Protein chains: 2
Amino acid sequence: MITRDDLMSLKAIVGEQCVSTGESVLNLHSHDESYHNPVLPDVVLWPHSTDEVSRIARYSHERKIPVTCWGVGTSLEGNPIPIEHGIVIDFHQMQKVLAVRPEDFQVDVEAGVVYKELNKTLSRYGLFFPPDPGAAATIGGMIGNNASGIRTVKYGATKDHIMRLVVVLPGGEVIRIGNRARKSSSGYDLIHLFVGSEGTLGLITEATLRLVGLPANFMALRVTFPEIKNATDTVFKVMSSGFSPSAMEFLDSNVITVLNRDRSLAMEERPTLLMESNGFSEEGLKAEMAYIEEICSENGSTFIDKGIGQTERDRLWEMRHLTFESLKRQHPGLLPLIMDVAIPLSRYSDMVAFIKQEVSGLLAYVFGHAGDGNVHVIVMDVPANSSRWAKVEQAHQRIVEKALAFEGTCTGEHGVGIGKRGFLSDEHGDSLELMKRIKRLIDPEGLFNPGKIFS
Amino acid sequence: MITRDDLMSLKAIVGEQCVSTGESVLNLHSHDESYHNPVLPDVVLWPHSTDEVSRIARYSHERKIPVTCWGVGTSLEGNPIPIEHGIVIDFHQMQKVLAVRPEDFQVDVEAGVVYKELNKTLSRYGLFFPPDPGAAATIGGMIGNNASGIRTVKYGATKDHIMRLVVVLPGGEVIRIGNRARKSSSGYDLIHLFVGSEGTLGLITEATLRLVGLPANFMALRVTFPEIKNATDTVFKVMSSGFSPSAMEFLDSNVITVLNRDRSLAMEERPTLLMESNGFSEEGLKAEMAYIEEICSENGSTFIDKGIGQTERDRLWEMRHLTFESLKRQHPGLLPLIMDVAIPLSRYSDMVAFIKQEVSGLLAYVFGHAGDGNVHVIVMDVPANSSRWAKVEQAHQRIVEKALAFEGTCTGEHGVGIGKRGFLSDEHGDSLELMKRIKRLIDPEGLFNPGKIFS
């Protein structure tokens, strides 16, 4: 429990204005966008600097108060829910772009920077930060979850774009990790240890991101297929032909139906692929896209929209990015259980077919970053209706088990949080114990984001 | 000290034939290709399986005997020298390609597989493993050092291509890490903790590698410049224009002179860039290469050899790969001190200019994977000549300090081994202590490759 003395001490660190125990503030920081039960923190802090975060961590250590990080709450697995109460650190006051280094394709940012805003800033330099989770996440949140998105198929996940980190460890020690060179073999790779650790090992306050040049040209395709298998086989065929599309998204006909309704569109309500390629030369892209079209036709595509210009393309990706919002809007009163398995591409068709079978009879939507073997399933239902929800959870269990049987993973990009903890033992076997030993080494008191990743 | 009982026990694990204390065998396993002093192991073992490696690790733990891994001894920083004697594990009996999975661009291998042989096998499937260190390294050695090479500028280092590992921990426990999906956010990233840890945390016995499709087309250029700055400025200009060449190598005129002599060539003895681009479409490549040629001309290139066909291209890369061998052959009796700094690309010209100044008066060769900001300097000399060698080491010290001042790294790809230990404190600051804590957590007795990475 936080005492009045604690509040006084915390106010001395971040300032009177940046400490809140107000009900609406606590409520806002009690949940993310998942169905997981909200838990109120005792206090929310808005530090302004690494030094202040360090002093908070030192205080939390002295008083054994849990600390959970908060970006903007767009997580999907309960990752930032303060399930043991205590302090929530909101990084909203740490939103500075510290330095753009266009000559080296790098940017230094504070953890609270929102990546969409960042990419607007970077576009003036002809650059962008490619991991593209759709939600208006913060950079700190993306690093915490190793977020990825529609561009990952070409450019990789967040972990592939982090060059340096400033991290506050339990107890308040500040360490600086990494360097500005494009490669290094110097000592242990601590960057990747902290990326994706969901705030359980350290509080990330600053990062240097590796950027990519905005492509000179792009071409996008929207392709519909008579049956799901035509679409999923096409995914495998295109990817195994060695192409590197800059996007390769699958949406089942249920998703298209909701998007049509929510956004007043008139797309054919069939299994659909959205694809994009980009590059330096228009001629090169044309040759590539012609080949991809051929693969689509061979796999029975019924419609190919290939004359997609900049505006329509932006609309296409906005629609894809906001799929989750559309689904929620079209199902008021229901909550989403979200699956996020990823499997080897050769199993993509089998995985999607298995999923469709498992969720039949449920209000389920299947889509995902197909080029990465990532499948999202969103089931909309009411957790309070326990018999139905048990069926939802059973499908979840069986779908993850199948993904693991295909040597895949229970979470391609959303992280473990609360929702996937139960699967880690099956997925990681004996190496899970090494993860726990590292957690105990760095955070022996278990103060940083307690109850996450590990059951 | 290894006793007769130890030898009996070790023979019981790997078989009589696969244990040696013979002088020539111990000598062979006492050094790598660097100038570092050889140290004889007590015994060399050739295990056949993960299980045998596990039993060796358990025995080493019971008897507190150091264990150092050995691929083929092509390291350049003393990484596999058994400086505290004990057991050397040679992976020569673990050379099986366990499974090629062309449909998922993956291959499962044992640690002793030699990557050049592997790429021959994979070429039949139209695939390759891109990190390309030149030397005939084993996959286990490449993983240990996070090796990279001429293709890294486009495809990344070894760390970017490891999907799964089988690792034997101190004490003998076997853990399996990772999965076959193209992405995952499931728990801590243990893969990257072991990649580049130089055998100090675990013995890697098997790996699943992520492969890339062999490109349909390529174009190569050899370009000479009047002065070094013309060449190094061109590197920065090409890379900051957003191109992703598949190779971007710099060689100073001293290197060209040695290559001409060693291989009976007649290249113009001036600062030189070797570049290559590859891709799906010939038209796209032509457009890209024309633009790159234009950048070269703007930067004062004096000669552009652009009609390079497959045979000449293979010769070009073989020549580049074997530069180190040519240097050694042309300087019999001398030993190489090798620098391997990497810095942000905007500092490439400044770094190379600084290096040339620091090594003037020494027998020095400057070259490297320029597109990654990686510079190699090889100084040939006689360590026994202490006053001259002191000058060599002083230049080394000052060059690394400059690279760190440019926010780079003391080693881009060769690892720390013995030779770069002294720089880690300057490079990593407070985060070095966390690396040491992880080492003590996993290997509290300090039995795995003792004396490496940390002083």
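Modeller: Angles under 35 degrees count as roughly parallel, over 145 as roughly antiparallel, 65 to 115 as roughly perpendicular and the rest as oblique. This is a predicted model, in which local features need pLDDT of at least 70, side-chain atom pairs count only at pLDDT 80 or more, and totals for chains, interfaces and linings use all residues. Residues are numbered from 1 along each chain as its sequence is written, and chains are lettered from A in the order in which they are written.

Colleague: At what angle do helix α13 and helix α14 of chain A pack?

Modeller: Two packed helices are described by the angle between their axes and the distance between the axes. Here α13 (residues 348–358) and α14 (residues 386–405) of chain A pack at about 165°, with axes 10 Å apart; the two helices are therefore roughly antiparallel.

Colleague: Which residues of α13(A) and α14(A) meet?

Modeller: Met351(A), Phe354(A), Ile355(A) and Glu358(A) in α13(A) meet residues of α14(A) including Ala395(A), Arg398(A) and Ile399(A), where contact requires C-beta atoms, placed from the backbone, within 7 Å.

Colleague: What rotation superposes chain A on chain B?

Modeller: Two copies of a chain are related by a rotation about an axis and a shift along it. A rotation of 180° with 0.0 Å of shift superposes chain A on chain B, with an RMSD of 0.0 Å. That is the relation of a two-fold axis. The C-alpha of chain A nearest this axis belongs to Gly284(A), 2.0 Å away.

Colleague: How many residues of chain A are in contact with chain B?

Modeller: In chain A, 71 residues are in contact with 70 of chain B. The element giving the most to that side of chain A is α16(A), with seven residues.

Note on methods:
Axes are lines fitted to C-alpha atoms, for helices over the stretch in contact, and angles run from 0 to 180 degrees between N-to-C directions. Helices (H or I, at least four residues) and strands (E, at least two) are DSSP runs, numbered from the N terminus. Two residues are in contact if their C-beta atoms, placed from the backbone, lie within 7 Å. Copies are superposed by least squares on the C-alpha atoms of residues with pLDDT of at least 70 in both.
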